[in-house]
Number of protein chains: 2
Amino acid sequence: MVTRSEENYLKTIYHLGKQGTIAVSTNAIAEKMETKASSVTDMVKKLAEKNLANYIKYQGVTLTNEGRLAAALVIRKHRLWELFLVEKLNFSWDEVHEVAEQLEHIKSLKLVNELDAFLGYPTHDPHGDPIPDKDGNYSPIKSINILDLDTGKEGILAFVKDSSDIFLKYLNKNNLALGDTIKVLDFEPFDNSLTIETKTQKMIISNEVAQNLYISL
Amino acid sequence: MVTRSEENYLKTIYHLGKQGTIAVSTNAIAEKMETKASSVTDMVKKLAEKNLANYIKYQGVTLTNEGRLAAALVIRKHRLWELFLVEKLNFSWDEVHEVAEQLEHIKSLKLVNELDAFLGYPTHDPHGDPIPDKDGNYSPIKSINILDLDTGKEGILAFVKDSSDIFLKYLNKNNLALGDTIKVLDFEPFDNSLTIETKTQKMIISNEVAQNLYISL
DNA sequence: AATCGTTTTTAGGCAAGACTAAAAATATAT
DNA sequence: ATATATTTTTAGTCTTGCCTAAAAACGATT
């Protein structure tokens, strides 16, 4: 049995270390999870004992194949639930995270797979992140940062890198949503800001915002 | 914050003691929860400290108003999730319990209430049990045991008292489901069994089975 | 009302998962 | 190459929720 706490560690190691393939330091994990490095050391030993992680003292952690699959399945559940909340229960995309954090730990294979079917086997969650399949695989999003789009060109908003509350609320306030077609009208070298146009409006976005918007063509 | 374990105790006390109004012994709780009486004593003290239960040493436990509401809300969540699983995710009514046991502890008021709306504000779960509203209230089922139905009379199967796996599987196997119209054809005094008729079949049910079937008229 | 059997509580311990403070290993800088 | 700073681990504690074994209270019977 993989405990809830173990699942959270697996998820973090997966995210920080390119799906757990490159070594992650205990400190990095501690910071991400808002806990102490000593707690991480304890847990990482436990994961290694259960064959979910590879751990060498002072040299960081990677995931075993088993650990990587376990992590991907938690992420699968998280993203399916997020989509469910947004599509069926009228949650906005900045409200889903906390609840999905809880739902991702529900243990029932049938539940996940039926939910997947109920949602029509979606490939991406409300933030544009890909949803792993039953085997933990997914095709990464083919998208480029909006700053790499030439002036005059347009594309579809496919993914936002930052999915913090505050950023999602900014997007909501400014009527920007995944799936929107966005055209780059101008690039301002002084502050690296962009002028963009959507179906409904023309607006200026700061470089900081632009860095978080990814476009598929 | 009410912990998962506390919620489980509240639920049990609610069920064993007429919504927590009559005192329940620690032993009774321990047996129902498959734990030890000493563990129950510990927890019950904690519930009393949090003002969720009234506890007098050696005299059993009742729920405070606050505790009763908390318990009803857990039960509300449990039953809404059961219905969701059956209606939307193709679970059969003998598969839902274990998963609903987990889902009932998810903390999000918005989630429960949106789920309620999504399901069309249902009043009963797949076993015919009533679903408490936001304030923990519900109208009890108006139904009578099938043994109290006169020969020749019919009614609708509204509720099953035993909702164990094995009993629900028996009903499935014999094509009996909530909502079915059932007519009592004969009562056999020798073994107290009943001959009944549904739209699709005529069959004999044992007294043991009959005791668990409740009929609304 | 004293005794016997049952129920309930207390006392003390254990595992999981977190923490703090100190020690050890590693990395950096002179 | 050695001293210093940083990172990581170890050692020891705490809380939650459970356990076992022993003690205390209850209640039924004579």
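Within chain A, 56% of the contacts with a separation of 6 or more join residues 24 or more positions apart; two residues are in contact if their C-beta atoms, placed from the backbone, lie within 7 Å. Of the 217 residues of chain A, 33% count as buried. Here a residue is buried if 20 or more other C-beta atoms lie within 10 Å of its own, exposed if 12 or fewer, and partly exposed in between, with C-beta atoms placed from the backbone. Taken along the principal axes, the C-alpha atoms of chain A fill a box of roughly 55 × 40 × 25 Å. The secondary structure of chain A comes to 8 helices and 8 strands, where helices (H or I, at least four residues) and strands (E, at least two) are DSSP runs, numbered from the N terminus.

A word on how to read all this: the model is predicted, so local features need pLDDT of at least 70 and side-chain atom pairs count only at pLDDT 80 or more, while totals for chains, interfaces and linings use all residues. Residues are numbered from 1 along each chain as its sequence is written, and chains are lettered from A and ligands numbered from 1 in the order in which they are written.

H3(A) gives the most, with 5 residues. By class, the surface near DNA strand C has 4 nonpolar, 10 polar and 5 charged residues. In this scheme Ala, Val, Leu, Ile, Met, Phe, Trp, Tyr, Cys and Pro count as nonpolar, Asp, Glu, Lys and Arg as charged, and the others, Gly among them, as polar.

Now for DNA strand D. Of the 19 residues around DNA strand D, those that come nearest are Ser25(A), Asn27(A), Ser38(A), Thr3(B) and Ser38(B). The elements that give two or more residues here are helix H2 (26-33) and H3 of chain A, together with helix H1 (4-16) and H3 of chain B. H3(B) gives the most to this surface, with 5 residues. The residues near DNA strand D divide into 4 nonpolar, 10 polar and 5 charged.

The crossing is right-handed: a crossing is left-handed if the near helix is turned anticlockwise from the far one by less than a right angle, and right-handed if clockwise. Thr26(B), Asn27(B), Ile29(B) and Ala30(B) in H2(B) meet Ala37(B), Val40(B), Thr41(B) and Val44(B) in H3(B). That contact has 5 nonpolar, 3 polar and no charged residues.

For another helix pair, look at chain A. The axes of helix H4 (residues 65-88) and helix H6 (residues 109-118) of chain A come within 10 Å and cross at roughly 45°, which means that H4(A) is oblique to H6(A). This crossing is left-handed. From H4(A), Arg76(A), Lys77(A), Leu80(A) and Phe84(A) meet Val112(A), Leu115(A) and Asp116(A) in H6(A). The residues of this contact divide into 4 nonpolar, no polar and 3 charged.

Where the two protein chains touch, the contact takes 13 residues from chain B and 13 residues from chain A. On the chain B side, helix H5 (96-103) and helix H6 (109-118) each give two or more residues, and H6(B) has the largest share, 4 residues. The chain B side divides into 7 nonpolar, 3 polar and 3 charged residues.

Finally, a backbone detail. Most residues other than glycine have a negative phi. Asn192(A), however, has a positive phi near 60°; this residue lies in the loop between strand E5 (181-188) and strand E6 (193-197) of chain A. Asn192(A) counts as partly exposed because it has 13 C-beta neighbours inside 10 Å.

Note on methods
Axes are lines fitted to C-alpha atoms, for helices over the stretch in contact, and angles run from 0 to 180 degrees between N-to-C directions. Angles under 35 degrees count as roughly parallel, over 145 as roughly antiparallel, 65 to 115 as roughly perpendicular and the rest as oblique. A residue is near a molecule or strand if its C-beta atom, placed from the backbone, lies within 6 Å of it.
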